[in-house]
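I opened my notebook to get to know a new structure. Here is what I looked up, one entry at a time.

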Amino acid sequence: MGTTERLYAPAIQRFAAALVPLFCGLLGVVIANIPVSFVGGLVPPPLLGLVPVYFWCLVRPDLMTPAAAFAIGMLEDVMSGSPPGIWTLGFVVAYAVVARQRDSFAGLAGIAAVLGFAAAALAACATATLAVALLYAHLPPLGAVVAELAMTVAAYIPGALAVSAVHHRLVGPLRSDF
Amino acid sequence: MANGTWKIARRGNAQLPLVIVLVLAVVLVLAGKAQSGLFDQARAHLTDWMAPLLEEVHAPLDGVERWIGSIGQIFTVYSENLRLKEENARLRQWRNTSVVLQGRVRHYEALLHAVPDPRLNAVLARVIGRASRPFLRTMILDAGAENGAKAGQAVLDDKGMIGRVYLTGKRTAWVVLLTDINSRIPVTIAPGSVQAMLAGDNSPTPRLDLVESDAAVKVGDQVVSSGDGGLLPPGLPIGTVVKDGSGFRVALLADATQSESVEVLNFARPPETMPPASQLPSEAAGLPPLAPPPPQPEAAIPSSATPVAPRLKMPVIPSTTAAAAQDAGAE
């Protein structure tokens, strides 16, 4: 598709493409929170919703807005059964960290890119833990939070490959107008 | 537009919604702490909606999980068989003993006119989901309000107590496990009837907080629900005491990660009512009823004082509003 065709893509397609990152985030939350475990609940499920937030916040921040991160975090709260608003705040803080250091994060590749995502996930998990500690006046067990962080970072590579494929096949051709 | 120019322009526009969304997120956390009902309702509706899907997904995955688990058991099946035979023989002896003791207890209860334990109804439910999150350990059951499940009811498997229902939808219920950080239940440690609080901390063995720190507790003592507060029936088996540094923990009898079918106990302690006057001890013994106390003399008001109308007329609060206000105050 040429540049001119992209610019004049039907508005409805552009709108649909703009919803793809949000939809991917919501889908990631739903998949991660299907309450089925192969390992008997030994490890927590990853925060799959954070992968699209991080990816599109770097690649196309106009498509992954703070409001979208808010919505994805809120669905994580509802589906995970966590105290209300905890992951919403965590996701928005992670978004803020990535958005403010976007130039630094966007230049990372390979293992450094995974570490960049780990920093964003750490921001989300630390915010959520701190909020729970403040709200309930006791520090939640850090081992479980670290396990959640480790699982989330481990899920980044397959997650990033998936959202990258979605971006190139669906979002990019329709909205790569700059 | 050059890339650098675009980034600067976009950043200027993006800061405002980000700040607003951050503030909204903080407000959501605070509002969620104050009014968690909306979130709970949303969760319950979502789980009700997803229940058929969960049941379909869970069945084959359970089969796979069992199959994976059974691979390791192939190598231990012989020794496991011997152990089970020995355990079975011991349990048969205990069964005979318990039948004799049960009959004796019934006889003593009849002699003493003991108040019978409240009858328990139970709803059998299947586990259709489990979640182990940093801030919540829960399982989802396929029985909800339509089946009589209510928040606060105890959930047991064939070995012992697993947790309590904390949220019910129409067809599903969420259970907060005894190991969850939000779980606190009053327990009794037998023998000796030592009272304690069983507090989950997301570890497999919940912490035991003794009411009296110098109470005599030994490793291996049995832990059962105490029934304090009337929320849970007394005597539900929970686990055994194990040592943990300077304190104690409880090794749970039930394994929530393996339970497939559970019972939701419908327990409600009947409200206590005053016995009729004829059954009061004094009248039953043939004595005259106690005279009512004489009215208090109004000595505080001097005789010359004239009653003064209150300057501010207090509004009359209807009883329901007053009760609600008391509840709000208590919260």
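**Ground rules.** I note that this is a predicted model, in which local features need pLDDT of at least 70 and side-chain atom pairs count only at pLDDT 80 or more, while totals for chains, interfaces and linings use all residues. Residues are numbered from 1 along each chain as its sequence is written, and chains are lettered from A and ligands numbered from 1 in the order in which they are written.

**Chain A.** I looked up the secondary structure and found 9 helices and 0 strands; helices (H or I, at least four residues) and strands (E, at least two) are DSSP runs, numbered from the N terminus. Of the 178 residues in chain A, 49% are buried (20 or more other C-beta atoms within 10 Å of the residue's own, with C-beta atoms placed from the backbone). I also checked contacts (C-beta atoms, placed from the backbone, within 7 Å): among those between residues at least 6 apart in sequence, 72% join residues at least 24 apart.

**α5(A) and α7(A).** Helix α5 (residues 86-100) and helix α7 (residues 111-136) of chain A pack at an angle of about 140 degrees, their axes 8 Å apart. Axes are lines fitted to C-alpha atoms, for helices over the stretch in contact, and angles run from 0 to 180 degrees between N-to-C directions. That makes α5(A) oblique to α7(A); angles under 35 degrees count as roughly parallel, over 145 as roughly antiparallel, 65 to 115 as roughly perpendicular and the rest as oblique. Among the residues that meet are Trp87(A) and Phe91(A) from α5(A), and Ala124(A) and Cys125(A) from α7(A). I sorted the residues of this contact into 16 nonpolar, 2 polar and no charged (Ala, Val, Leu, Ile, Met, Phe, Trp, Tyr, Cys and Pro are nonpolar, Asp, Glu, Lys and Arg charged, and the others, Gly among them, polar).

**α2(A) and α4(A).** Next I took helix α2 (residues 11-32) and helix α4 (residues 66-80) of chain A, whose axes come within 9 Å and cross at roughly 15 degrees. These two helices are therefore roughly parallel to each other. The contact includes Leu22(A) and Val29(A) of α2(A), and Ile72(A) and Glu76(A) of α4(A). Its residues divide into 10 nonpolar, 1 polar and 1 charged.

**Between the chains.** How many residues does each chain bring to the contact? I found 38 from chain B and 37 from chain A. On the chain B side, α1(B) gives the largest share, 13 residues. By class, that side has 24 nonpolar, 8 polar and 6 charged residues.

Conventions
Two residues are in contact if their C-beta atoms, placed from the backbone, lie within 7 Å. A residue is buried if 20 or more other C-beta atoms lie within 10 Å of its own, exposed if 12 or fewer, and partly exposed in between; C-beta atoms are placed from the backbone.
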